[in-house]
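Subject: The structure, and what turned up in it

Hi there,

Here is the structure I promised to send over. Have a look at it first, and my notes follow below.

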Amino acid sequence: MPQWTDEQQDAIYTAGKNILVAAAAGSGKTAVLVERIIQKLLNKENQIDIDSLLVVTFTNAAAQEMRNRVGEALAQALEKDPTSLHLKKQLSLLQHAQISTLHAFCMELVRKNAYNIDIDPNFRIADDVEGDMIRQEVLEDLFEAWYGSEEAEQAAFFDVVDRFSNDRSDLEVEALVLQLYEFAMKHPWPEAWLDNMADMYDVKEDVDEDQLPWLVLLKEEVKRQLDAMEAQTLQALEITKESDGPYTYAEALDEDLRMIQDAKGSLALSWEHARQVFSAEKFKTLSRKKMDCDKAKQDQVKALRDQVKKKWNKLSSEWFTRALAAHLGDMHKLYPTVKHLIGMVKAFKEGYRQAKKEKGLVDFSDLEHFALDLLRHEEASVEAMKPSNLALNLQQKYNEILVDEYQDTNLVQESIITLVSNQKNNGNIFMVGDVKQSIYRFRHAEPSLFIEKYNRFKKPDDPGYRIDLARNFRSREEVLSGANFIFRQLLDEEVGEVSYNEDAELIYGNREYDDVPLANPEAELMIIDQAEKEEDTTQTEDENTEDIDKAQIEARAYAKKIKEWIGDGEQEPLQVVDKQTGNQRNINYRDVVILMRSMTWAPTIMDEFKKQGIPVYAELAAGYLQAIEIRVMVSLLKVIDNPRQDIPLASVLRSPILDINEDDLAQIRLAKKRASYYEALVTYVKEAEDSPLQSRLATFLQQLKEWRKQARQGALSELIWNIFRGTGYYDFVGGIPGGRQRQANLRALYDRARSYESTSFRGLFRFLRFIERMEEKGDDLGAAKALGEQEDVVRIMTIHKSKGLEFPAVIVGAMGKQFNQQDLREKYLLHKELGFSSKYIDPEKRIMYPTLAYHALKTAMQREMWAEEMRVLYVALTRAKEKLVMVGTVSDLDKKIEKWEMIKNHTEWTLPSHFRLDAKTYLDWVGASLIRHKSASVLSSEKPPSNAEAVYLDNSKWKVTRIASNIFMNMVDEKLEKNEKLTNAIQNWSPLNIEPDPEKEKVVEKLNETYAYQASVNYRAKQSVTEIKRQNEIRDSNSDAKLIEPNRVPITRRPRFMQEEKKLTAVEIGTAMHTVMQHLPFDRQWAKNDLKEFIARLVEKEMLTEAEAETVDQEAILALFQTEIGQRLLEVEEVHREVPFTMTLSAKEIYNDDAIDKDERVFIQGVIDCLIPDEKGWILLDYKTDTITGEVTAEKINTLKKRYETQLNLYAKALESIWKQPITAKYLYFFDKSLLIQL
C-alpha cells in the first residue's frame, strides 16, 4: 500500500464540501483521485455505489486508466473479503459507472433526453472533416443568398465584406463568421454574448468612462506603465546620488519624475486630462556638463531613461494622439456594420444547426450546449442559472462530482458541472488540477475559474476547502530547485495570474534518488552566441556561420549533448534510474526528449540528427499535403476526376508512376498543340509509332479508364488501394529514403478516404474539394505516425504534447525564439469578456487604424498570453525526471546581458512586472533570473548588494555555459562520412579500398545460415485423423504427403435459396445422419413411426432443416439396432458419443520421411462417433455414409477395411493412451447397404 503524505490523505478522505486540490507537477494527483474513489466505495460506515459518482476526466485514455485502476483495487479488496456483496455489486456496476470525459457524459445525457430538445437520439458525432465540409457548404449557400438579397440588406452585407476582406476574395469574412461562431459557442449564452459584443459599439460621446470596461482596463494598463516608468526613474536617480554616479543627470530625472507623477494624477481624473498631459509634456535633454563619474553607471542611467522615454512616447503616439470622443465616434460608425455581422453569425448558427439536424449529426460543442439546455430551467437567464427538474434529479443521484484537470475547464463545462452538483450545505464537487499547467487557452480553457476558487477557498469564512499537493515524486532535487528558482521570479498575480509562494513551490519527495546519485545533476542553461567566435575553431570552406541558421546550430548543440549522454567517445554514458527495476542503467535514445514551443524547427533538427547518426522521431502537424508521395497521389486523383487538367496530368506522367522525361512530354504536346494536354496524349497514343513509350501511355490510358469507372461506381478508399496495387507506387516509395514514413503517409491517405466515406459526404470530387479548401486556408494534416512508443529514438515534441508525460532527460530548445504574437496583429481581436474589437476600417478612404477598444483588447490578450507562456515554460521544466537542459540562441549575447543586468540588483524575489512584460523570449525570463544566481558568473561576475543576496545565494544548482556558434560548424558523423565516400565512389565509378568489417561478416554468416529443421518445414505440425487416413489410403510410389489440405466443413449453412435450387452435398447428408445418431436415445427399441417423430422434433428444435431431415436414411438406422452391436447399444447403461481427443505422435510415423528429426511430434485431433463399454474395455463404433456401389463382396469389404483401418487404429491408440483402457473391438457401420464390418 502506498505511503500517502498528510496532504494526500487530506485529499483522499476529506468530504462534505467543495474541495479544490492544487496538485503540482509530479505530485500524484491521478493516484490520489483514484484512491479517493476507492476509499469511498470501501467505506463500510457510509457505503455508496460507484454509479452515484460522476468522474470527469480530460481524455478518454485517462478515463479508461482510472476505470482500470478502480477495477484492480476492487478485485484486490474482494480477494480479502470474498463474501462482500457490496464489492461484487461495485465490480458489476464498474463498466456502467460514469467515469468519462465531460463530452461522453453530455452525449449519454442528450441521447436519453433527446425528445426534450427535438433531435434524433441516434445522432452521430461529426468528425473534423465532415464538420468543416458542412460549415463550408452552409457558408457558401448563405453568402450566395446574401449577395442576391434586397437592396438595403445587400448594402449592409457589402459593407461588412468591404471592411473585413481584401480585394481578391471574401474568404476573410467567411473566416471571421466562423471564428465569431466558435468563440460564441464557448460561452454558456452564445446569443447574449454576440448581442453584448454589438452593443459595445453603440456608445455615445458623453458616456461615463467607468461604464466602458475596455477603457477601465486601458486606464489600469496606463497606470501600470507609469508606475514602471516611475520605478525606473527612481532607480536612475538613486544611481546619480552615488559617489561616482552621473550627478548632473539628476535635474532632468527630477523633471521626468514630476512629469510622470502629473500624468498619474491626471489619469485619475479622466482619460482626456491624461491625454492633455501626454500631449503637452516633453522630456528635457540630459545635461552635457563634464563630470567625473563611473562610465558604466552613466551608461546605465542613460539606458534606464531611454527605456522610460520609449514607453512614454509609445503610449503618447498610440493611445493619446486623438481625443476620446473621436475614438468613440469611430466605434459608433462601426456599430451598424458590427450589428449586421452579428446577424450573419446568428444566421450561420441556425443554418449549421439545421444542416446537422438533417444529417443526424452533432459536434462536440453541440453536446455541451444540448446538455446545458437540458439542465437549465426555461426561466434561467444570464444573471440567474436555475436548474431544471432533470438537473435536480441528477443532483440527488450523484453523491459527489470529481473533476480531473479542472484548470482546463471552460465556461460551458463549468456551468454543466455546477448544475448537476448539489450546492446545498457546502457542495459536493471535488476538483483536481494545477493552474500553473493551464496551457489550453486556445481551446478556451478558463484558468480564472481555478484561480478564483484557489484564492477564495483559503479564506476562513468560505465553505470551500483548498488542499495543496506540492510534494513532487517525479524529479530529482536539482530539477525541482532549479524550477523553483526560475518561477519564484516570474509568477505573481499581476503578470502570471497566480502567485508562486511557499504553497505553490515544488517540494522534493522521491528520496529514492538519494540512493542513486547522478554525476553532474545540476540544471543547465546553454546560450549559443552568434556574435562570438571561438578562436581555436578551424573553419573550413564547407560552412560558415552565415550559411546555417539558428535551427541548425541548436540542432547540432542538442546532438552534441545527446552524444555525451549516450557515451559516444571516451565519456561514460549518463546513468538514469530504470522505472521498472529501480536501478541505474545507461541512458537510451528513447529516454531523451526535445521540447519545443512549436514544431517549425523540427524538420531541420531531424535532418541534422540524421547527419549525426542519431535516431529521431517527430510527429509533425504539417507537411503531409506537401509530401511528394501525397502530391503525386492527389494529382492522380484529380486526373481521375477530370483528366482535362493539364498540370496534374503532367505531374503524374513525370512522376515515378510513368517516369516520362521532358523530351517525351514535349513530343506528346506536339501531337495536338491547341487542345488540352489529355487530348494531345490520346492523339499521341493513336498516331505514334509502336514504341515502349507509346505502349506505356496506352496502358496508362486503359488504367485511367478503369479507375474513372471505379470512381463513379465504387468506394474511394478501394480506388486508392487499387491504385497502390496497380501502379506499384506504394512499394516504390518504400524503397526510397524515408520509405517507412512515406508508406505510412500513403496508408494514412487510404484511411482518411475511408473516414471521409463514413461521413454524410461521398464522391471523389468532394474529397478533392475538401483538400483544396485546406490548401487555400493554409491548413494541413499531420504526417502519419510511423513509429511505436517503445522505439529507441530521440523524440521531438511540442510542450503542449508533453503535458502529463515524464522523461529521464529533457532538452528545452529554441529558448531564444520570439513568442508568437500573430494573433495580436489581426484586423480584429476577440476576448471572452471584452468581446470583439476591430480596427477602424474606411473602405472609401482606404484607411485603417486601431481604435482605443482594439488597443484595450490587445493589451488584455497580451497579458493573458504572457501569463500562459509562463505556464507553458513551467510545464516544460517539470517534465524532466533527472536531467534538465535549456538551450537558446541569440544574435548578440552581450546586448542581452546589458538588459538583464539592469534588474540584477533588484531586491525582491519577483522580477519587475514591466521587465517580464517586455520580454520577447523564454531566454529573456530565464537569463534575467539566472544572472542573479551565484552560478551564473559566465553572464556577470559582479555580486549583488547585500539586500539581494537571498536570490544570489539560493541553494539551486546551475551550470550556465556560453558557447560560440562557430564551434558547431562542419559536424558530421564518422559513419555517415564513410557512407558518403562509398556513395561518391559508386557514382564516379572510382576504385575504393574496402577494409574488412567484422560486423558485416557476422551479417553474411547469419544470412548464409541453414535452418536446422529444414526437413520439417514442408509438413504440417497439426493434422486431423481424417486427413491422415486419406494420406494413407492413396499412398504409392508417386504420392506425396506434404502440406495435406484439410477437408474444411463450411463455416455456415448454405443460404436457403441455394438449398432450394441444389441437392444437399454428401458432406451435409453425412452431418445430418451424425446429428441424428448423436441425439438419438438408446434406451428403447425404435419403431419406424417413433423414429420419424424424433427426427421431426429435431427439425422443430432447429437442429436439422426439413431438407436435411428428408435425407436421413431411417431404414438404415433401424437396421443398425437389428445387429449384434445395435442390440448391445440398447442394453448398456452408458454410451459415449462424439468423443473429441487430441494427442501427439512421432512425425516419422505419420509422414514416413527419414529426414525428419526423430524427436519431432505432430499434433493429432479427431472425434470418435461412439464408444460402447464391455467387460474388458471399450468397443469402438464408427458411422459411415459412403455410397457403396454394386454388390457387397468379400473383396469390397476388404477394400473398405483398408480404407478406414488407419483411422480406427489411431482412434484406438488415442483412447488406450489417454484413458488407459483397452479397445476390445472396432466396428464400421455403413448406412448405405446397412453393412456392419468388424476390423
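Patch members have over 30% relative accessible area and no salt bridge, with like charges joined within 9 Å and nonpolar side chains (Val, Leu, Ile, Met, Phe, Trp, Tyr) within 5 Å. A salt bridge here is a side-chain nitrogen of Lys or Arg within 4 Å of a carboxyl oxygen of Asp or Glu.

This is a predicted model, where local features need pLDDT of at least 70, side-chain atom pairs count only at pLDDT 80 or more, and totals for chains, interfaces and linings use all residues. Residues are numbered from 1 along each chain as its sequence is written, and side-chain values use heavy atoms, leaving out hydrogens and water.

Lys314, in helix 13, is exposed at 52% relative accessible area. The cut-offs are over 50% for exposed, under 20% for buried and partly exposed in between (1.4 Å probe, protein chains only).

There is also a nonpolar surface patch of Tyr1011, Tyr1013 and Val1017, with about 320 Å² of accessible area together. Tyr1013 sits in the loop between helix 38 (998-1007) and strand 24 (1022-1024), and is partly exposed at 40%.

For the whole chain, 50% of the 1239 residues are buried. The C-alpha trace spans about 140 × 85 × 80 Å along its principal axes.

Best wishes

Definitions and conventions
Helix = DSSP H or I, 4+ residues; strand = E, 2+ residues; numbered from the N terminus. Areas by Shrake-Rupley, 256 points an atom, 1.4 Å probe, with all protein chains shown as cover.
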